[in-house]
Amino acid sequence: MNLEELRKQLDEIDIQLTTLMEQRLKICEQVATYKIEHNKPVLDIEREKQKIQAVRDLVTDERYQDAAEHLFTQIMEDSRVLQTELIKNKRSE
């Protein structure tokens, strides 16, 4: 396989990842609404630790576990930022 073909595969995966990211963030908006209604904090440290470990366990090639942890740590941070912003906006209404 040549470099162009490999890059095309990467581009296709990027499209899938972007679509999934948008779906995930839309659900995070619903989580924020739930947290507002039930007076829950944005950050649940125990849940995040469990999630990171679950993600690491899903990775079949151990060489990629750190990368998966890094990716999901960033995803969860972005989710918290979104939730915090939504909660802040709801409270100021």
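Analyst: D61 is partly exposed, at a relative accessible area of 24%; buried means under 20%, exposed over 50%, and partly exposed in between (1.4 Å probe, protein chains only). This is a predicted model, in which local features need pLDDT of at least 70, side-chain atom pairs count only at pLDDT 80 or more, and totals for chains, interfaces and linings use all residues. Residues are numbered from 1 along each chain as its sequence is written, and side-chain values use heavy atoms, with hydrogens and water left out.

User: Which residue forms a salt bridge with D61?

Analyst: A salt bridge is a side-chain nitrogen of Lys or Arg within 4 Å of a carboxyl oxygen of Asp or Glu. The closest N and O atoms of the pair are 2.7 Å apart. The partner of D61 is R63.

User: Is E48, which meets R80 in a salt bridge, buried or exposed?

Analyst: The side chains of R80 and E48 meet at 2.6 Å, N to O. R80 is partly exposed, at 22% relative accessibility. E48 has a relative accessible area of 18%, so the cut-off of under 20% makes E48 buried.
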